[in-house]
Amino acid sequence: MSTPEMIIVETHGAVGLIRLNRPASLNALCDQLVQELGAQLLAFDADPAIGAIVLTGNEKAFAAGADIKEMKSRTFPAVIFDDFIGNHWETVLRVKKPVIAAVAGFALGGGCELAMMCDMIVAAETAKFGQPEINLGVMPGAGGTQRLTRAVGKSKAMDMILTARMMDAAEAERSNLVSRVFPAETLVDEALKIGAKLATLSPVALAMAKTSVNRAYEQTLTEGVKTERSLFLSLFGTPDQIEGMNAFAEKRKPTFQR
């Protein structure tokens, strides 16, 4: 893989950190950036030394949306042929390991949608979430009308999508869009702490749990519980299940396989 130009990649113990790095454009999501991001997400996912991934931007913006200058001249035949959005933007959905979005500043349009594709969002007190596509004569196209509605409910999603109103971090936490809010200066460190905790756990159990939670949005309750039960039972007899339960019985910390 060639050296990326629009992301900064770090490792912190067993946690991979990816920083979006187009500061002059508030990390606008151009084709090159999303391709580099996707490649690095898959590289971390394939690395047995990495147990969790944190995705962040900078203090001004997680990502202020898609790169409109790049997108404005695209035509309908071109976006269909190129599978715009689906081709590269959704790579994070293929990652089996936990992915934490650490959002400071603006997470707008595609940036908000990218954060919502992650497994959890932690936010700085400075965070602003929004889907302002309506101001451009379009609408969200990377899951904004679907994931936002599932997170915050129909009325608030309609409010944000139809009026382009932004939601601050406190409202986002109250509305269940984000899981935790931290001071801006400690945001990435706190996200890395969460990632480090996740990296001590069973990778297979984490992957199964991710799958089960995601299915909750895609199935009826009855079918979802069937999926959960099947995944739960499939973990019995695995090395990590044996180690985890034996460690509990023996009052020691488990050592899971990596």
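**View 1. Lysine 210 sits in helix 9, residues 203-215.** Helices here are DSSP runs of H or I with at least four residues, and strands are runs of E with at least two, numbered from the N terminus. This is a predicted model; local features need pLDDT of at least 70, side-chain atom pairs count only at pLDDT 80 or more, and totals for chains, interfaces and linings use all residues. Residues are numbered from 1 along each chain as its sequence is written, and side-chain values use heavy atoms, with hydrogens and water left out. Lysine 210 is buried, at a relative accessible area of 15%. Buried means under 20% relative accessible area, exposed over 50%, and partly exposed in between (1.4 Å probe, protein chains only). Leaving aside neighbours within four places in sequence, lysine 210 is in contact with Val95, Lys96, Lys97, Pro98 and Asp119. Contact means heavy atoms within 4.5 Å.

**View 2. Asparagine 27 lies in the loop between strand 2 (15-20) and helix 1 (31-46).** Asparagine 27 is buried, with a relative accessible area of 0%. Its side chain reaches the backbone nitrogen of arginine 22 at 2.7 Å. Not counting residues up to four places away in sequence, asparagine 27 touches a set of residues including Leu20, Leu33, Gly57, Asn58 and Phe62.

View 3. A disulfide is a pair of cysteine sulfur atoms within 2.5 Å. Cysteine 30 is in no disulfide; the nearest cysteine sulfur, that of cysteine 118, is 18 Å away. Cysteine 30 is buried, with a relative accessible area of 4%. For cysteine 112, the closest cysteine sulfur is in cysteine 118, at 11 Å, too far for a bond. Cysteine 112 is buried too, at 1% relative accessible area.

**View 4. Helix 4 (residues 110-117) is largely enclosed by the rest of the structure.** Why is helix 4 enclosed? Eight of its eight residues are buried. They are Gly110, Gly111, Cys112, Glu113, Leu114, Ala115, Met116 and Met117.

**View 5. Phe232, Leu233, Phe236 and Met245 make a nonpolar surface patch of about 410 Å².** Leucine 233 belongs to helix 10, residues 221-234. Patch residues have over 30% relative accessible area and no salt bridge; like charges are joined within 9 Å, nonpolar side chains (Val, Leu, Ile, Met, Phe, Trp, Tyr) within 5 Å. A salt bridge is a side-chain nitrogen of Lys or Arg within 4 Å of a carboxyl oxygen of Asp or Glu.

Technical notes
Polar contact = N/O pair within 3.5 Å; in protein donor to acceptor, adjacent residues only side chain to side chain. Areas by Shrake-Rupley, 256 points an atom, 1.4 Å probe, with all protein chains shown as cover.
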